[in-house]
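Here are my notes for you, written as numbered points. Keep the viewer open and turn the picture as you read.

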Amino acid sequence: MSAFRLIKDGRRLWVCHECDAVWFGHAPPKGPAEGTLYQYVEPYGGPGTPADWEQIEAVGE
């Protein structure tokens, strides 16, 4: 699990690399996930549009 930010709005989130589960906030997550990555990014629209992981960028923990 690593810290990221959504490029479109700057929200800080943590994403599980194995299952794409998402937690929001600056501190490492505790408790159940708040959803999955695809719920918070734009759907893939085919060639020329960014995929899920291209819509977030890593930030320091």
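This is a predicted model: local features need pLDDT of at least 70, side-chain atom pairs count only at pLDDT 80 or more; totals for chains, interfaces and linings use all residues.

1. Which residues does V22 touch, not counting residues up to four places away in sequence? They are L13, W14, V15, A33, E34, G35, T36, L37 and Y40.

2. As background, nonpolar side chains in soluble globular proteins tend to be buried together.

3. Now for the sheet. It is open and made of 5 strands, and the order to trace is β4-β3-β2-β1-β5, with antiparallel pairing. Strands β4 and β5 stand at the edges with a single partner strand each, so one side of each has no neighbour in the sheet.

4. Together β1 and β2 form a hairpin with 5 residues between them, and G10 in the turn has a positive phi of about 80°.

5. β1 also pairs with β5 (residues 56–58), in the antiparallel sense and over 3 bridges. Here F4 stands opposite A58 in β5.

6. How many salt bridges are there? The count comes to 3. One of them joins R5 to E57, with the closest N and O atoms 2.5 Å apart. R5 lies in β1 and E57 in β5, so this pair ties together parts that are 52 residues apart in sequence. R5 is partly exposed, with a relative accessible area of 25%, and E57 is partly exposed too, at 33%.

7. Another salt bridge brings together the side chains of E42 and K8, at 3.5 Å from N to O. Since E42 lies in the loop between β4 and β5 and K8 in the loop between β1 and β2, the pair ties together parts that are 34 residues apart in sequence. E42 counts as partly exposed, at 45% relative accessibility.

8. D9 and R11 form a salt bridge as well, their closest N and O atoms being 3.0 Å apart. D9 is partly exposed, with a relative accessible area of 42%, and R11 also counts as partly exposed, at 36%.

9. Let's turn to the rings. A search of the whole structure finds 2 aromatic pairs. In the pair of F4 and W53, the ring centres are 5.5 Å apart and the planes are at 80°, so the pair is edge-to-face. With F4 in strand β1 and W53 in the loop between β4 and β5, the pair ties together parts that are 49 residues apart in sequence.

10. F24 lies in strand β3 and Y40 in the loop between β4 and β5, so parts that are 16 residues apart in sequence are tied together. F24 counts as partly exposed, at 22% relative accessibility, while Y40 is buried, at 18%. The cut-off explains these labels, because buried means under 20% relative accessible area.

11. Finally, look at G25 in the loop between β3 and β4. G25 and W14 are 11 residues apart in sequence, and their C-alpha atoms are 7.5 Å apart in space. Leaving aside neighbours within four places in sequence, G25 is in contact with R12, L13 and W14. G25 is partly exposed, with a relative accessible area of 25%.

Methods
Residues are numbered from 1 along each chain as its sequence is written. Side-chain values use heavy atoms; hydrogens and water are left out. Two strands pair if DSSP finds at least two bridges between them. Helices (H or I, at least four residues) and strands (E, at least two) are DSSP runs, numbered from the N terminus. Contact means heavy atoms within 4.5 Å. Buried means under 20% relative accessible area, exposed over 50%, partly exposed in between (1.4 Å probe, protein chains only). A salt bridge is a side-chain nitrogen of Lys or Arg within 4 Å of a carboxyl oxygen of Asp or Glu. Rings of Phe, Tyr and Trp (its six-membered ring) pair if their centres lie within 6.5 Å; planes under 30 degrees apart count as stacked, over 60 as edge-to-face and the rest as tilted.
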